[in-house]
Amino acid sequence: MIVVVCGPGGVGKGTVVARLVAADPRLWLSRSWTTRSQRPGEPDDAYTYVDRPTFEARIAEGGFLEHAEFLGNLYGTPWPDAGDERDIVLEIDVQGAEQVIERVPPADRLFILLEPPSPEVQAERLRGRGDPPEQAEERIRVAQGEIDRARQLDAIRIVNDDLDRTVDEVERLIAEARAARG
Ligand code: 5GP
């Protein structure tokens with residue numbers, strides 16, 4: 001099964017996903033490729049950092065389950081190789097989620113949309129992240145459009161106003177989906 005955690009920037013996807021994966025060895029977190037530069041303080045394994053020609057060559061080979069351009073940088077999920085025993089977790093933007101929906105049948109995916117408790121909380125998180133200020137403001141500008149677009153998709157919506165509660169809720173949904181798959 002593929003667990004897609006999607007939502008606008010600043011909603012806390014990364015934190016939620018890190019907690020899920022740390023608590024459940026049956027979850028396998030996909031590492032995305034990006035052409036974005038590493039942020040100060042960002043771990044070396046947060047992404048596979050590549051230049052644009054390398055990324056584009058991999059697109060041409062059909063090497064991504066999905067990929068998208070976000071604020072001038074490319075991001076993509078290499079075709080996952082998690083083995084049969086583990087469920088795959090993707091933390092991706094809304095455009096990527098749309099592609100996963102087209103390619104992965106409903107029975108094989110659990111699609112979760114995290115929403116911020118308020119635009120103010122979201123803006124605060126985006127400003128506190130170490131991006132240059134003008135980039136943070138650009139991210140804040142696109143975030144509302146991302147939510148509107150994501151709400152058109154057939155996702156389970158969770159407002160991330162309390163980290164523990166959000167993680168519990170996603171764990172419950174994963175357990176339910178596993179049980180349904182038998
Ligand atoms: P950031 O630059 O803040 O790390 O990521 C920007 C956006 O791209 C976030 O919404 C993040 O979830 C998303 N993202 C990260 N990896 C991928 C990926 O592999 N595919 C897609 N479509 N989006 C991604």
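Two strands count as paired when DSSP finds at least two bridges between them, and with that in mind the tour of this predicted model can start at a strand pair.

Select β2 and strand β7 (residues 87–92), which run parallel and are joined by three bridges; within this pair, Leu29 has Val89 in β7 as its bridge partner. Now widen the selection to the sheet around them, an open one of five strands with parallel pairing, in the order β2-β7-β1-β8-β9. At its edges you will find β2 (27–29) and β9 (156–159), and because each has a single partner strand, one side of each is left without a neighbour in the sheet. Looking from one strand to the next, the twist averages 25°.

Helix α1 (residues 13–23) lies across β1 (2–6), β2, β7 and β8 (109–115), and runs at about 165° to β7. Helix α3 (residues 94–103) lies across β1, β7 and β8, at about 140° to β7.

Then move to the other open sheet, in which four strands follow the order β4-β3-β6-β5 with mixed pairing; here the edge strands are β4 (48–49) and β5 (64–70), each of which pairs on one side only. Strand β3 (residues 33–34) runs parallel to β4 and is joined to it by two bridges, and Trp33 has Thr48 as its bridge partner in β4. Helix α2 (residues 52–60) packs on this sheet, where it touches β3, β5 and β6 (73–78), and its direction makes about 45° with that of β6.

Finish at Tyr47, Tyr49, Phe70 and Tyr75, which ring pairs link into a cluster. Within it, the rings of Tyr47 and Tyr49 form an edge-to-face pair, because their centres are 5.9 Å apart and their planes stand at 65°. Tyr47 counts as buried at 19% relative accessibility, whereas Tyr49, at 25%, counts as partly exposed.

Note on methods:
Residues numbered from 1 in each chain as written. Predicted model: local features only at pLDDT ≥ 70, side-chain atom pairs only at ≥ 80, totals over all residues. Heavy atoms only, no water. Contact = heavy atoms within 4.5 Å. Axes fitted to C-alpha atoms, helices over the stretch in contact; angles between N-to-C directions. Phe/Tyr/Trp six-rings, centres within 6.5 Å; stacked < 30°, edge-to-face > 60°. Buried < 20%, exposed > 50% of the residue type's maximum accessible area, 1.4 Å probe, protein only.
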